[in-house]
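Student: I have a model open and want to go through its packing. Can you walk me through it?

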Amino acid sequence: MISATPAGPALAVAALPNFIRLTVAFSINHACVTAILNLSVSLLGDNGSYQSGSLYLTYALTALFLSTSLLELMGPRSALLLGAALYCVYILSFPAALLTPDSLPAVGIAVALVGGIIGGFAAGFLWAAQGTYFALNARLYAAEHSLEVQEANTFLASVFAAIFLGIEVLLKVLPEALSPLKNIEFTLVHGANKVSVQNLTVACSYSILAIASVAGLLTIADLRDGQRQVEAAEPSCAPVSSSDEAKRSPLLIGEKRTAATMLPRFFDKATAAVLLWFEQPKVLLLSPIQVTFGVCASLLGYQVTGTWVKNAFSRDYVVIGSMMSALVALTAALLQIPFKYVASHSGKAPLMLVGCSAFMALSVLVLVAPETLHASAQTWGLLFACYFLQGVGRACYEGTNKALYADFFPNNTSAAFSNIVLANGFASATSFFVFPSLHKDAMATTAIVCASVAIICYMFAEYLHRRV
């Protein structure tokens, strides 16, 4: 009798449906945040600028000092729920700020800053929680379908990126759907500033969607129990030595921490992201990729959208800026299928180089383009090329880049993903505050240097990883 090919262990959680529930809910929540962030200055003026600056700084500091500790204390599922709920507070600060009278400027600034700080705190550990949950789900999916973990990482990364970016495209066109309301205004109290019904409706709509997404995240499973089930179902695996066990993240071996066991080690765990620099220096070689993404995103937002689009299309600046921003996410989403095919046949290295090269090409276009643009076919072509190239780079960043971290640091995922938000956060914050005082050519040159360093460092990191 010929025995059938052994299947993976029967698990209490169906890995793919659980992952899709996570991805849809997380994507809606994050898309609301990115959409409102892109409109922050348009909606709140200088207060929106202060809010974004406080968000990026808090984001980076939380990723550096708190994200790993929060993850081990709460677990990835609870951390996802908390982060998404705090994101709702950040989004709700926009309708609150819009309704604040101009006669109370201190209140308006306070609302903006508090919203930015809360949003940055959430962002600092939310992506690390998503990365850790992703790694756990990939291991369960690999066990369920008898696949290599790297193959599961690649497949789920493409699924995540396609859904994530597709939902972002849909939500970024919301201002266009509400454009009939743009000429309607009202005053909350006599003598107060006029409030745009379109702006307030946009902010309230994103707030409602974000709150609904938190309810969606309640449906995902705590995968740490499933991870222990997988390990128990595979007794044939080679035993793990005590030294190897010590290096494994408690989150990835199904260990649940309590406050009593975590607090004495809090400060050690709070610096896990930095300690990873010394334990696995490869993570530093990958950081320029995250820096390049942050710098190029700021370059696109400040110079391309904030200057070129605003000056060339002053009447329809908000609508055109939103639509062009949606083009970035649309391009990144459509590229996930071919990227998945290339990754499965040629590995992730070619895609990482394509992404970095796209960021460099965008920076070169900004460098050689004229200082001022006017509405013309040539301007439309230049703008389309800039947003398309950012979309190509983002396709790599959101999909291949995240899967690469899961491959390179399988036992340190929370600290590794904290390094992504750390590098990206500080780069974005620095660019946000510095770019307004720089000439276009200086901004573009900075981005070119970052992209060049990213390519060189990535090739060296790939070389070191393959030697192991």
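Student: Where does the model come from, and how many helices and strands are in the protein chain?

Tutor: The model is predicted. The protein chain has 21 helices and two strands.

Student: OK, what share of the residues is buried?

Tutor: Of the 468 residues in the protein chain, 54% are buried. As for contacts between residues at least 6 apart in sequence, 86% join residues at least 24 apart.

Student: Helix pair next. How do H15 and H20 cross?

Tutor: Helix H15 covers residues 282–312 and helix H20 covers residues 413–434; their axes come within 8 Å and cross at roughly 40 degrees.

Student: Left-handed or right-handed?

Tutor: The crossing of H15 and H20 is right-handed.

Student: Which residues meet there?

Tutor: From H15, Val 283, Ser 287, Gln 290, Val 291, Phe 293, Gly 294, Val 295 and Ser 298 take part. They meet Asn 419, Ile 420, Ala 423, Asn 424, Ala 427, Ser 428 and Ser 431 of H20.

Student: And by class, what is in that contact?

Tutor: The contact of H15 with H20 has eight polar residues, seven nonpolar ones and no charged ones.

Student: Switching to aromatics. How many pairs are there?

Tutor: The count is 18 aromatic pairs. One of them is Phe 293 with Tyr 397.

Student: Why is that pair called stacked?

Tutor: The ring planes of Phe 293 and Tyr 397 are at 5 degrees, and under 30 degrees counts as stacked, so the pair gets that label. The ring centres are 3.9 Å apart.

Student: Where do the two sit in the chain?

Tutor: Phe 293 is in helix H15 and Tyr 397 in helix H19, 104 residues apart, so the pair links distant parts of the chain.

Student: Buried or exposed?

Tutor: Phe 293 is buried at 11% relative accessibility, and Tyr 397 is buried at 7%.

Student: What about Phe 313 and Trp 380?

Tutor: Phe 313 and Trp 380 form a tilted pair, with 4.8 Å centre to centre and 45 degrees between the planes. Phe 313 is in the loop between H15 and helix H16 (317–334), and Trp 380 is in helix H19, 67 residues away. Phe 313 is buried at 11%, whereas Trp 380 is partly exposed at 39%.

Student: Back to H19. What does Gln 390 touch?

Tutor: Gln 390 lies in helix H19, residues 377–408. Not counting residues up to four places away in sequence, Gln 390 touches Phe 293, Cys 296, Ala 297, Leu 300, Val 328, Phe 359 and Leu 362.

Student: Why does Gln 390 count as buried?

Tutor: Its relative accessible area is 3%, and the cut-off for buried is under 20%, so Gln 390 qualifies.

Student: Which residues form an aromatic cluster?

Tutor: Phe 26, Trp 127, Phe 160 and Phe 164 form one cluster. Phe 160 is in helix H7, residues 149–172, and is buried at 3% relative accessibility.

Student: What is Phe 160 in contact with?

Tutor: Leaving aside neighbours within four places in sequence, Phe 160 contacts Phe 19, Thr 23, Phe 26, Trp 127, Gln 130 and Glu 398.

Student: Last one: which lysines sit over rings?

Tutor: The charged end of Lys 402 is over the ring of Trp 127, 4.0 Å from its centre. Lys 282 lies over the face of Phe 408, at 5.1 Å from the ring centre.

Technical notes. Residues are numbered from 1 along each chain as its sequence is written. This is a predicted model: local features need pLDDT of at least 70, side-chain atom pairs count only at pLDDT 80 or more; totals for chains, interfaces and linings use all residues. Side-chain values use heavy atoms; hydrogens and water are left out. Axes are lines fitted to C-alpha atoms, for helices over the stretch in contact, and angles run from 0 to 180 degrees between N-to-C directions. Helices (H or I, at least four residues) and strands (E, at least two) are DSSP runs, numbered from the N terminus. A crossing is left-handed if the near helix is turned anticlockwise from the far one by less than a right angle, and right-handed if clockwise. Contact means heavy atoms within 4.5 Å. Ala, Val, Leu, Ile, Met, Phe, Trp, Tyr, Cys and Pro count as nonpolar, Asp, Glu, Lys and Arg as charged, and the others, Gly among them, as polar. Buried means under 20% relative accessible area, exposed over 50%, partly exposed in between (1.4 Å probe, protein chains only). Rings of Phe, Tyr and Trp (its six-membered ring) pair if their centres lie within 6.5 Å; planes under 30 degrees apart count as stacked, over 60 as edge-to-face and the rest as tilted. A charge sits over a ring if NZ of Lys or CZ of Arg is within 6 Å of the ring centre and within 35 degrees of the ring normal.
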